[in-house]
Every structure is written in structure tokens, then in C-alpha cells.
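This report goes through one protein model, from strand pairing to aromatic contacts, backbone angles and a pocket. The structure is shown first.

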Amino acid sequence: MKLQYLGDSKDSFKWDYHDFLVSELGYPLFNIALMMTPDRKDGHGMTSPTSFPARDEITDFCLGLKRSRSIQSIAELPKITGASYRVDFHNGGVFLNHGNRAEYFQGFSRLEDQVVFLDPDTGFEPEKSFDDAHVGYGDVAQILDQLSDESVVSVFQHQRRRTFKEDFASIRERIQSGRSIAIYWHSLMFVAISKSEAVLDRVREANAKYAHEHRLEVIT
């Protein structure tokens, strides 16, 4: 994640959907691994949060993020929506790099059920290259091994040069542990992974409900 992306249209989908998901599951913790990387002067992150049909309070929330450029403001999400979960930032605003990747994904807890959101710049590692913009399949396996069986890992995935259904089929084959489903809109997909098929069924139900309300697509 880059600060320049805060509050854009993808953020609107990101926070509206995950607030809904954590609330539907009734979990006490939304744990965000920001996977921060330095900004670039490329013009990305300029789209309006109104482009996604989020709730009005989420759109206002994203407009505030755009103005403040403060990751700590994300912690106000449940207060904005009236939800009961809390937000934690795994490793805070530490920048992810090649030298600290193994350490970065340590320190999760299995003491409470949670949704862990991984927010790489572009998504899962591709077949031929791997850098700080990606989350590795080994990273996800490492995280799942630390979590309770009922916890869920959600991963940001920007569209690549194929359809989301084709991309998700490839992603699913490469996931080293856990089962997976997905929901997508425009150029953004969220992949949910859990060790528990029963929990994934609950995510599947939440995705279907959310997709119906927002005219999105799901992959089960």
C-alpha cells in the first residue's frame, strides 16, 4: 500500500467490503497488514471514492483519508459505521522490503478469531517475478499457520492481463494451505482464505449478500 492510494475508488470498495465482512462474521478484530511501500510520482490513486457504490459514511471516510493521508485514520472505520470490532495494524506503518519480509509476517496471534487483511500494491506474486509490491504464497501460509482455525486472510489483488476468473484459478492452484473464494469489481479482487471450510461457507454467504447489494461478481 502507498499513501498516495488512500481514499481512492479502490479504497472505497476495500473499506466498505471489509467492514461488512468482519461485521457479518462477528469477529472482534480486523487486523490490517498495510505492506507499506514508498509513493511514486505516477498519478495512481487519483480516482474518486464515489466511483464505487459504497455507503455514504464510507465515501466520506475515504474523502477524509484522501485529505489526511494518515494510516492511523483507518482505525476510525468501525466508529464511522457503528461496528463493534477493533482495528489493529500489524507492524504499524513499517515499510515492507526484501530484507524484512520474513520478520514482517511474524507475530500474529491465534488467541482470537480475526480477519487479517493483506494490502500489497498489486496482489499475489506472479509466476515470473516477485518484489515488494506482492504478497507471496509462502507469506500467506506463514500467516495462516499462526492464526486460529476460524480466522480469515483477505488479500488485495489488482487485475492482471487476464480475466479475474482465469487469474483466480491460477491463484487457487498456488495457495499452499487453506481454501479460497473471491469477490471482485472493476479492476480489484479480494481473495479470502481460511483453514476452515465452515468459516469459508460463512464468507461465501457474506460475499453473495454483498455482491447482490452492490452488483458485484463472486467466485466460489
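A residue is called buried when its relative accessible area is under 20%, and exposed when that area is over 50%. By this cut-off, 6 of the 7 residues of strand β7 (residues 179–185) are buried, so the strand is mostly covered. The model is a predicted one.

**Overall form**

The protein chain contains 7 helices and 9 strands. Its radius of gyration is 16 Å, close to the 17 Å that the globule rule gives for 220 residues, so the chain is as compact as a globular protein of that length. Along the principal axes, the C-alpha atoms fill a box of roughly 40 × 35 × 35 Å. Of the 220 residues, 54% are buried.

Strand β7 is joined to β8 by 7 bridges, and the two run antiparallel. They form a hairpin with 2 residues between them. In the turn, His-186 has a positive phi of about 55 degrees. β7 also pairs with strand β9 (residues 217–219), in the antiparallel sense and over 3 bridges. Ile-183 takes part in both pairings: it stands opposite Phe-190 in β8 and opposite Val-218 in β9.

Strand β1 (residues 29–33) is mostly covered, with 5 of its 5 residues buried. Leu-29, Asn-31 and Ala-33 point one way from β1, while Phe-30 and Ile-32 point the other way. β1 pairs in the parallel sense with two strands. With β2 (residues 86–89) there are 4 bridges, and Phe-30 stands opposite Val-87 there. With β3 (residues 114–118) there are 5 bridges, and Leu-29 stands opposite Gln-114.

| Strand pair | Sense | Bridges | Residues opposite each other |
|---|---|---|---|
| β1 and β2 | parallel | 4 | Phe-30 and Val-87 |
| β1 and β3 | parallel | 5 | Leu-29 and Gln-114 |
| β7 and β8 | antiparallel | 7 | Ile-183 and Phe-190 |
| β7 and β9 | antiparallel | 3 | Ile-183 and Val-218 |

**Aromatic pairs**

Counting ring centres within 6.5 Å of each other as a pair, the model has 18 aromatic pairs. The rings of Trp-15 and Phe-117 have centres 6.0 Å apart and planes at 80 degrees, so this pair is edge-to-face. Trp-15 lies in helix α1 (residues 9–25) and Phe-117 in strand β3, so the pair ties together parts that are 102 residues apart in sequence. Trp-15 and Phe-117 are both buried.

Tyr-17 and Phe-190 form a stacked pair, 5.6 Å centre to centre with 10 degrees between the planes. Tyr-17 lies in helix α1 and Phe-190 in strand β8 (residues 188–194), so this contact ties together parts that are 173 residues apart in sequence. Tyr-17 and Phe-190 are buried as well.

Met-35 is not a glycine, yet has a positive phi of about 50 degrees. The residue is found in the loop between β1 and α2 (56–68). Its relative accessibility is 0%, so Met-35 counts as buried. Arg-69, also not a glycine, has a positive phi near 50 degrees. Arg-69 is found in the loop between α2 and α3 (77–81). With a relative accessible area of 39%, Arg-69 is partly exposed.

**Asp-56 in helix α2**

Asp-56 is found in helix α2 and is exposed, with a relative accessible area of 60%. Asp-56 and Thr-81 are 25 residues apart in sequence, and their C-alpha atoms are 10.0 Å apart in space.

**The second largest pocket**

About 210 Å³ of space lies in the second largest pocket. Its lining is made up of 2 nonpolar, 5 polar and 4 charged residues. Phe-124 and Pro-126 are among the lining residues, as are Thr-122, Glu-127 and His-134. The lining also includes Gln-157, His-158, Gln-159, Arg-160, Arg-161 and Arg-162.

Technical notes. Residues are numbered from 1 along each chain as its sequence is written. This is a predicted model: local features need pLDDT of at least 70, side-chain atom pairs count only at pLDDT 80 or more; totals for chains, interfaces and linings use all residues. Side-chain values use heavy atoms; hydrogens and water are left out. On a 1 Å grid over the protein atoms alone, a cavity is a set of points where a 1.4 Å probe fits but cannot get out, and a pocket is an open set with protein on both sides within 12 Å along at least five of seven lines; lining residues have an atom within 4 Å of a point. Grid points are joined across faces, edges and corners, and a volume is the space filled by probe spheres set on the points. Ala, Val, Leu, Ile, Met, Phe, Trp, Tyr, Cys and Pro count as nonpolar, Asp, Glu, Lys and Arg as charged, and the others, Gly among them, as polar. Buried means under 20% relative accessible area, exposed over 50%, partly exposed in between (1.4 Å probe, protein chains only). Two strands pair if DSSP finds at least two bridges between them. Rings of Phe, Tyr and Trp (its six-membered ring) pair if their centres lie within 6.5 Å; planes under 30 degrees apart count as stacked, over 60 as edge-to-face and the rest as tilted. The radius of gyration is taken over C-alpha atoms; the globule rule is 2.2 Å times the number of residues to the power 0.38.
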